[in-house]
Every structure is written in C-alpha cells, then in structure tokens.
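Reader: I am new to this structure and would like to be walked through it. Could we start with the terms and then look at the details?

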Amino acid sequence: MLSYILRRIVATLPVMAIVALFVFSLLYIAPGDPAVVIAGDQASPEDVERIRQSLGLDRPFLIQFGSWVWRILHGDLGTSIFTNLPVSAMIGQRLGPTLSLMIVTLLLTIVVAVPLGVVAAWKAGSLIDRAIMGFAVFGFSLPVFVVGYMLAYIFALELEWLPVQGYTPLNQGFWPWLENLILPAVALGCVYIALVARITRAAMLEVLQQDYIRTAKAKGLGQGGILFIHALKNAAVPIVTVIGIGIALLIGGAVVTESVFAIPGLGRLTIDAILRRDYPVIQGIVLLFSFVYVLVNLMIDVIYTLVDPRIRY
C-alpha cells in the first residue's frame, strides 16, 4: 500500500509542474501590460517602468518562473497588487466560507444522490425510475445561477424561511452557520446530485445482473441488504470516481454561487481579483484549486485500492 501511494505521489509531481507553469503564464496570456494596468492611464512611462521592475517583469521569463516557484515552495504566494496584503493571508481569510459550502454540498450530494440512484436502479423502467431520471436531466440542464436565484426568491424573499445572502462562521453557532449554507448548497449541488445519481443508477444496474445477486435473493436476503450491502459495495468504484471528478464542478460552481448569495469566500475573491487584474491573487487561487483537484484525484486512487481488490499495489 505504501509503495503504491508513493508511486502515485511521484506521478502527480509532473502534473503540478505543468499546472504551475500554466498558472504563472497567466500573467503573459492575459491581454494588456500588468504594469500599465496598475499604474493607471495617467502614469508616465517612468512610473510604468518602475512598477515593471518592482514586479520583476523586466527579467527573462524562466528566471521569473524559477523565482516564483522558489517562493511558492517556501509558502510565499506573493503580495496583492491593490491591497498590498500577502496572498496567502487573503486566501486564508476567505477559505472558511468556501470550504464550508463545499463540505455541505458534498454531504448533501452523497446523502441524496446515492439513494436516488439505488432506488432508480431497483425500480428500473418504472414511474419512480423515470421521475428520478427526469429530475436528474432537469437538474443537469439548469445553470447554477438560475437555480440560485429561483431558490432565493422562493425560500428567502417569498416564504422568508432562510436568509437570502451572507455567511455566519461556525464558531457563532451551528444553526446560524448551516442556515446560511442551505440554499447555496442546494443550488450548487443540483448538477452534482444529477450526475452522481445517473452514474449510481448505471453502476447498480450492471451489478444487479450478476450471479451473486441472484444467489443472495435465493438465500432470502432482504432487499435492503442486497441493494446497500452487496450491490452498492461492488458498484462503488465508478461512484467514487464521479464524486471525485465532481470536485471540479464544486470549485467552478462555487465562484458563481458565492456571487449569487454574497458569500465572502474564494469565489468572490476570484471575481474581484479578475475585475481588478490582481494577478498574484489570481495565480494563488488558481494554484490552490489545482492542487486541491490533484490531491482529490490522488485520494481517489488510494480509495480504489480499498474498494476494488483487483487493483494490485
């Protein structure tokens, strides 16, 4: 097991190197001169050149990249151009709301989508199956911001059951923390729930045709035990895969969801940095999201070894 994990970690290093190169190249891919943007329209050529030197933009590309990677390895993500605050500190201040939103959405998805997929496979071809798959298609088709505005209008403005926007830290109480996340989590999780439910149904349909399932039925095992112990366990590999891949949906959807519900997380910070062309902040956030995605995929590879005995270390 340990040797397998080490091999997977080594395999992720080239991926992270390519990601780091791409993230750093955003400074050059983006239109316009960052020094000119920072200096403003009224700045003189001398002011622009002074800013360019302070950012290191006058040095060769490889030297800039090497210096940037060296700082990253030492935990220095740079300094914001506009606030003059360390990027790592700005990310740390906004990490809590985004992490809370993603955790609640992930738990909601697993609790709702997996049972829906199991029931749809169990009742394949029935009205229940068609209703669940119809919901999955509907949820997969609607953009996150449309679902968000609909939920906010119905449950926050009309019914006044839940707050329409904002975020309350967990240390101020569990229910105030949770009630601010219910609508955003449902809006963000609709696409995710639809995806996981469809994959769960497809995986369960394949497993339910196996001989050992018929043997379990012949022995008189209850339907619940067959579905959730024997069948679901053997259908876990594709389900775990799509849950891990769906982390990218959460990361991308969090940017939109936090804007709709005014959650002060990394999504809002990303939009603010893009609008102001605060390149160090953009680079730091994109690098963090990429690292999280690679780490999640590494965890999935490790989980594979636990749920699928066919994989050898």
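Author: One definition comes before the details: a residue is called buried under 20% relative accessible area, exposed over 50%, and partly exposed in between. Please also keep in mind that this is a predicted model.

Reader: Thank you. Is Phe174 buried or exposed, then?

Author: Phe174 has a relative accessible area of 54%, so it counts as exposed.

Reader: And what about Trp177, buried or exposed?

Author: Trp177 is buried, because its relative accessibility is 10%.

Reader: How far apart are the rings of Phe174 and Trp177, and at what angle are their planes?

Author: The whole structure contains five aromatic pairs. In the pair of Phe174 and Trp177, the ring centres are 5.6 Å apart and the planes stand at 40°, so this pair is tilted. The two residues are three apart in helix α8, which means that about one helical turn separates them.

Reader: Which residues do ring pairs link into a cluster?

Author: Phe24, Phe65 and Trp68 are linked into a cluster by ring pairs.

Reader: Let me step back. How many helices and strands are in the chain?

Author: The chain has 14 helices and zero strands. Its C-alpha trace spans about 85 × 55 × 35 Å along the principal axes.

Reader: What share of the residues counts as buried?

Author: The chain has 313 residues, and 40% of them count as buried. The accessible surface of the chain is about 16,800 Å², with 68% of it belonging to carbon and sulfur atoms.

Reader: How much of the contacts comes from residues 24 or more positions apart?

Author: Among contacts in the chain with a separation of 6 or more, 71% are between residues 24 or more positions apart.

Reader: Back to the surface. Which residues form a nonpolar patch there?

Author: The patch is formed by Met150, Tyr153, Ile154, Leu157, Leu159, Trp161 and Val164, and together they have about 700 Å² of accessible area. Leu159 sits in the loop between α7 (144-158) and α8 (174-207). Its relative accessibility is 40%, so Leu159 is partly exposed.

Reader: Where does Glu160 lie?

Author: Glu160 is also placed in the loop between α7 and α8. With a relative accessible area of 64%, Glu160 is exposed. Its phi is near 60°, which is positive in a residue other than glycine.

Reader: And what is phi of Ala262?

Author: Phi of Ala262 is near 55°, again a positive value in a residue other than glycine. Ala262 is in the loop between α12 (247-260) and α13 (266-276). It counts as partly exposed because its relative accessibility is 25%.

Reader: One last point: which residue lies over the face of Trp122?

Author: That residue is Lys123, at 4.3 Å from the centre of the Trp122 ring.

How values were computed:
Residues numbered from 1 in each chain as written. Predicted model: local features only at pLDDT ≥ 70, side-chain atom pairs only at ≥ 80, totals over all residues. Heavy atoms only, no water. Patch = residues over 30% accessible without salt bridge, like charges linked within 9 Å, V, L, I, M, F, W, Y side chains within 5 Å. Areas by Shrake-Rupley, 256 points an atom, 1.4 Å probe, with all protein chains shown as cover. Salt bridge = Lys/Arg side-chain N within 4 Å of Asp/Glu carboxyl O. Helix = DSSP H or I, 4+ residues; strand = E, 2+ residues; numbered from the N terminus. Buried < 20%, exposed > 50% of the residue type's maximum accessible area, 1.4 Å probe, protein only. Phe/Tyr/Trp six-rings, centres within 6.5 Å; stacked < 30°, edge-to-face > 60°. Lys NZ or Arg CZ within 6 Å of the ring centre and 35° of its normal. Contact = heavy atoms within 4.5 Å.
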